[in-house]
Amino acid sequence: MFDIKQACYSGTAALQLAKNYVIANPKSKVLVVSSDILQYSSDTSGEPTQGGAAVAFIVSQNPRLLNIEPISSIYSEEIMDFWRPIDKKEAIFDGKLSAYQYLRSLDIVFHDYLRQTGLSKADIDYFCFHSPFGKMVRKAAKQIGYADVENLLKYNSVIGNSCSASLYVSFISLLDHQMEDMSEKRIGFFSYGSGSVAEFFTG
């Protein structure tokens, strides 16, 4: 058992590490727990978005819920858009820079993923996004031409930004609220962590 810490991206880093371990050890199963509590000072613009949640999932050779496809696109760049010093409870952030980097990173990894796989946007039925707040997700969806975000935002709108759990809360919300049978549907996942690192993958 060990911790992975990288802002909001750590849940995805743990998932990909677990997936590769299972590929190398097909009889094994890995439990991934992703949790955070995000707290801002009450006099900042981030205060309304603070929240907390945890998700847990088992990664195995024969998954019951989602089969993660092998190719992903990753992008990283050193920027100071969000951090929490060791001696502080509240996060320090540059909201405008973080929003800019989120959308810039999405553009890079999404189009790189399409280039690597030869897929088009039409080959991806649904999208889930790291969800710091609803407006950010709506901007991201609009940027790649995806309109249907309300179902994946229902839980995030109640609990706020759960950092490393946020993308997977979005996925759970989509599963719980999408009325269509999602069997054999391809879902795109955009993970972002300040600092910064981003990844796009599908399942």
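## Close-up views of a predicted model

**View 1. Glutamate 180 and lysine 185 meet through their side chains in a salt bridge.** In this predicted model, the nitrogen-to-oxygen distance of the pair formed by glutamate 180 and lysine 185 is 3.2 Å. Glutamate 180 counts as partly exposed, with a relative accessibility of 39%, and lysine 185 likewise counts as partly exposed, at 28%. A search of the whole structure finds 5 salt bridges, and two others are shown in the views that follow.

**View 2. A salt bridge joins the side chains of glutamate 69 and arginine 186.** The distance from N to O in this pair is 2.8 Å. Glutamate 69 belongs to the loop between E2 and E3, while arginine 186 belongs to the loop between H6 and strand E7 (187-193), so the contact ties together parts that are 117 residues apart in sequence. Glutamate 69 has a relative accessibility of 22% and counts as partly exposed.

**View 3. Glutamate 77 and arginine 104 form a salt bridge between their side chains.** Here the N to O distance is 2.6 Å. The pair links distant parts of the chain, 27 residues apart, with glutamate 77 in the loop between E3 and strand E4 (82-83) and arginine 104 in helix H2 (residues 95-117). Glutamate 77 is partly exposed at 27% relative accessibility, and arginine 104 is also partly exposed, with a relative accessible area of 30%.

**View 4. Strand E3 (residues 72-76) has one covered face and one uncovered face.** Ser73 and Tyr75 make up the covered face, whereas Ser72, Ile74 and Ser76 make up the uncovered one. E3 runs antiparallel to strand E8 (residues 197-202), and 5 bridges join the two strands.

**View 5. Ring pairs link six aromatic residues, Phe110, Tyr113, Phe127, Phe129, Tyr146 and Phe200, into a cluster.** Across the whole structure, a search finds 11 aromatic pairs.

**View 6. The second largest pocket has a volume of about 720 Å³.** Of the 25 residues that line the second largest pocket, Ile58, Val59, Pro63, Leu66 and Ile68 are the closest to its centre. Helix H1 (10-24), strand E2 (51-59) and helix H6 (166-177) each supply at least two residues of the lining. Sorted by class, the lining of this pocket comprises 17 nonpolar, 5 polar and 3 charged residues.

Conventions
Residues are numbered from 1 along each chain as its sequence is written. This is a predicted model: local features need pLDDT of at least 70, side-chain atom pairs count only at pLDDT 80 or more; totals for chains, interfaces and linings use all residues. Side-chain values use heavy atoms; hydrogens and water are left out. On a 1 Å grid over the protein atoms alone, a cavity is a set of points where a 1.4 Å probe fits but cannot get out, and a pocket is an open set with protein on both sides within 12 Å along at least five of seven lines; lining residues have an atom within 4 Å of a point. Grid points are joined across faces, edges and corners, and a volume is the space filled by probe spheres set on the points. Helices (H or I, at least four residues) and strands (E, at least two) are DSSP runs, numbered from the N terminus. Ala, Val, Leu, Ile, Met, Phe, Trp, Tyr, Cys and Pro count as nonpolar, Asp, Glu, Lys and Arg as charged, and the others, Gly among them, as polar. Buried means under 20% relative accessible area, exposed over 50%, partly exposed in between (1.4 Å probe, protein chains only). Two strands pair if DSSP finds at least two bridges between them. Rings of Phe, Tyr and Trp (its six-membered ring) pair if their centres lie within 6.5 Å; planes under 30 degrees apart count as stacked, over 60 as edge-to-face and the rest as tilted. A salt bridge is a side-chain nitrogen of Lys or Arg within 4 Å of a carboxyl oxygen of Asp or Glu.
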